[in-house]
Amino acid sequence: MSVRWEHKVLTYNLRMKGFDYSRIEKDLNDLGEEGWEAVSTLAPSFGIGQAIEIAVLVKRPAP
């Protein structure tokens, strides 16, 4: 029997002083307590290559 997964995508927008990494860390720690595991990131860029948003993909075994 294979494991079934549920997934979640967290998105964070660029702010005047950059990304709020302490918020990202807190969100990941909170989700880790619920069994979520970060598996990937995405940083789409526009124009000259600056990312204005990042996404963190998380998964956990489905109930």
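Visitor: What's the strand order in the open sheet?
Guide: S1-S5-S2, 3 strands, with antiparallel pairing. Strands are DSSP E runs of at least two residues, helices H or I runs of at least four, numbered from the N terminus. Two strands pair if DSSP finds at least two bridges between them.

Visitor: Which strands stand at the edges?
Guide: S1 (5-13) and S2 (37-42). Each has a single partner strand, so one side of each lacks a neighbour in the sheet. The twist averages 25° from one strand to the next. Angles run from 0 to 180 degrees between N-to-C directions of axes fitted to C-alpha atoms, for helices over the stretch in contact.

Visitor: Is this predicted or what?
Guide: It is a predicted model: local features need pLDDT of at least 70, side-chain atom pairs count only at pLDDT 80 or more, and totals for chains, interfaces and linings use all residues. Residues are numbered from 1 along each chain as its sequence is written, and side-chain values use heavy atoms, with hydrogens and water left out.

Visitor: How many bridges between S2 and S5?
Guide: 5, in the antiparallel sense, with S5 covering residues 53-61. Glu37 has Lys59 in S5 as its bridge partner.

Visitor: Where does H1 lie?
Guide: Across S1, S2 and S5. Helix H1 (residues 21-33) runs at about 165° to S1.

Visitor: New topic. What does Val56 touch?
Guide: Beyond neighbours within four places in sequence, its contacts (heavy atoms within 4.5 Å) include Lys8, Leu10, Leu28 and Ala38.
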